[in-house]
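Dear colleague,

Please find the structure below.

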Amino acid sequence: MKIAIEELAGCSGCTIAVLDLHEMILDLLNDAEIVYSPVIMDVKEPPEGIDVGFVTGCVRNEENQERLEKIRKRSKILIALGTCACYGGISGLSMLSSNEEIFNTVYRNVDTVKDDGIIPTDVPPFTYRAFAVGDLVKMDYYITGCPPKEQFLKQILPALIKGDQKELSRKSVCSECDRKMGSVENWHLKRRYEGEPDREHCLLGQGYLCLGPVTFGRCGAACPKKNIPCHGCNGPSLDILREPCRDIYNMMVRRIADLTDRPQKEIEKELYDVAHTMYPFTIGSLIMEDKENSKIRDLVKERSG
Ligand code: SF4
Ligand code: SF4
Ligand code: SF4
């Protein structure tokens, strides 16, 4: 079994998450050989004949796109590894700025730029937007998470390598969270730094914007267990993916309105910075942008001018 891991626009954290399996890597290497991974080894190009290819990061420039197409051609099975690959992830937030602004921030207005202001000409051009990899080539499987969590990788990787069928949870973060729904009075939206949430009751009920109801689980509700609201790093829940009329924003507004017995219009007025609070991991996904009620189209147009 030949395995390859390609890196596109991301932080390499997904590959590091695989390395974080520690001794279990040795077991996996009894059945598989890693033939290409720019983070782990000094190999410049993926070889032909890859059995299972993983892609991490989204597509944000033409080099990313070429690399994605190459590994697709050379892999029998291709898997999007991590939320950047699946939905654009954090890299997708670049769509809130114009390509010119990004270029200036990264290459021009930095202390290390030479006085002559000459920019290298071999920097790959940006694509006109961020793309989740499945928006450009056919993917066989998706493993979400920023990065995918250790307990989940431990379940899925041996099964993938051995070709075994594996029954996996399809639940949302809320379904994995054991906080109690308490009575909700005088609800108002709180910033994360306001006060300390009570550790027993639902964070959303306490006014903290917890995206658990609209987020795919498989992390064991890791953040609510540490008293931190979920910010949606596993991407949208299955019901949102399946139903064209369901979107992260409208489902959250509906959920808060149900909890608090307040009109949806009132809730909408309290929500702030929708791009970073509702879509920090999905703004680069065409599947999410194309939803009937998606706010992504307005946000991107508004911010990039
Ligand atoms: S999904 Fe998260 S950990 Fe993985 S490459 Fe993207 S930002 Fe990094
Ligand atoms: S909204 Fe958050 S805190 Fe409340 S049940 Fe869902 S995951 Fe738990
Ligand atoms: S609780 Fe939410 S933010 Fe935290 S790991 Fe799970 S999906 Fe990600």
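Two strands are said to pair if DSSP finds at least two bridges between them, and helices (H or I, at least four residues) and strands (E, at least two) are DSSP runs numbered from the N terminus. The model is predicted: local features need pLDDT of at least 70, side-chain atom pairs count only at pLDDT 80 or more, and totals for chains, interfaces and linings use all residues. Residues are numbered from 1 along each chain as its sequence is written, while chains are lettered from A and ligands numbered from 1 in the order in which they are written.

Strand β1 (residues 2-7) runs parallel to β2 and is joined to β2 by three bridges. Within this pair, A4 has Y36 of β2 as its bridge partner. Both strands belong to an open, parallel sheet of five strands, ordered β2-β1-β3-β5-β7. At its edges are β2 (33-36) and β7 (141-143), each of which pairs on one side only.

The protein is divided into domain 1 (2-162) and domain 2 (173-271), with bounds from an automatic or database domain assignment. Their C-alpha centres lie 30 Å apart. Nine residues from domain 1 and eight residues from domain 2 form the contact, where two residues count as touching if their C-beta atoms, placed from the backbone, lie within 7 Å. On the domain 1 side, α4 (83-87) and α6 (150-162) each supply at least two residues; the largest share, three residues, comes from α4.

Finally, ligand 2 is surrounded by 13 residues (C-beta atom, placed from the backbone, within 6 Å). The closest are C174, C177, C202, C210 and G212.

With kind regards
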